[in-house]
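This report looks at side-chain packing and charge pairing. Start with the view below.

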Amino acid sequence: MEDVQKIIAFLIENKLLLSVLVITLILIIRRITLSGIRGDVAFLSEEQRKWMSRTKNGSFAIIVVTLFLVWKSEISEFALSVTAIAVAIVVASKEIILCFTGSIQRASSRSFRIGDWIEVGKTSGEVIEHNLMATVIQEIDLYHGQYHFTGKTITLPNSMFFTYPVKNLNFMKRYVYHSFSIVVPGFKNLFPLLPELIVRIEKHSENFIDVARRYNGVIEKHAGVDLPGSEPHIHIASGATGEQIVHVMIFCPTELATHLEQEIRADFMMLHDLSFPEENSKD
């Protein structure tokens, strides 16, 4: 018992050694816990990512609180000694303060959570981790209409949440309003082609259209707005140099968007060739 008291007294007197031991112990426990959560799977599930993020954030909070309690007296003395330069410290650490407050803003507004698809500025991806300083996402290519992961991991400082609007794209994980355009050279009447094109689009969509209608209703109810609907939308516009531009928008499963676009393009080209055979003969 006396030996234990001596060890405790020695550690209290040697705060640096105590801090190193505490940090080492917590990191070891965190590593074991993370290994247990991850297991032997090749790909992490959304629930695993949540628990791993909670473990990392919790261990970090425990380390900060423990070190504060150990070094409380020194911190108090230091705080009194730097009162005169407090303003300079705030200015120098502005970005760090913004990251902390950005984390508080994210937590209070519940703008997103792990597993959600978000867009911050021109960066979009799936949230895989967030902490007091930054948010980590797996980048998704949305600007080229592909909806697939690029393989890039992006770390966003939480201060960006005050500079750029955060768009939650979580509904796009399952179904998406996919838009694309078909450019037709020359000025010609394409409207007779649209009814048959819509019929073919509906045929491509018959395997998922019932689920799409229900999911569209869920999104409308959640958002509280009247969305375009699950039916295909087509309109024709003219370009600056006289070409015709056919704009198509479909509501479909995200993973099928690119495939359906290619099928609809092929259908339109076939209908165009059948309706304007004289152009083919000239070629």
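## Salt-bridge network

A salt bridge here is a side-chain nitrogen of Lys or Arg within 4 Å of a carboxyl oxygen of Asp or Glu. The model is predicted. By this rule it has six salt bridges. Glu196, Arg200 and Asp267 are linked in a network of them.

Glu196 pairs with Arg200, with the closest N and O atoms 3.3 Å apart. The two sit four residues apart in helix H7, about one helical turn. Glu196 is partly exposed at 37% relative accessibility. Arg200 is partly exposed too, with a relative accessible area of 22%.

Arg200 also meets Asp267, at 3.7 Å from N to O. Asp267 lies in helix H9 and Arg200 in helix H7, so this pair ties together parts 67 residues apart in sequence. Asp267 is buried, at 10% relative accessibility.

## A pair within helix H8

Asp210 forms a salt bridge with Arg213, the closest N and O atoms being 3.3 Å apart. They are three residues apart in helix H8, again about one helical turn. Both ends are partly exposed: Asp210 at 46% relative accessibility, Arg213 at 45%.

## Nonpolar cores

The largest nonpolar core has 33 residues. Val246 and Phe268 have the most contacts inside it. Strands E6, E7 and E8 and helices H7, H8 and H9 each supply at least two of its residues.

What does Phe268 touch, leaving aside neighbours within four places in sequence? Its contacts are Ile182, Val184, Leu190, Leu193, Leu197 and Val246.

A second, separate core has 10 residues, among them Ile118, Val127, Met160 and Phe161.

How values were computed
Residues numbered from 1 in each chain as written. Predicted model: local features only at pLDDT ≥ 70, side-chain atom pairs only at ≥ 80, totals over all residues. Heavy atoms only, no water. Core = buried A, V, L, I, M, F, W, Y, C linked by side-chain atoms within 4.5 Å. Buried < 20%, exposed > 50% of the residue type's maximum accessible area, 1.4 Å probe, protein only. Contact = heavy atoms within 4.5 Å.
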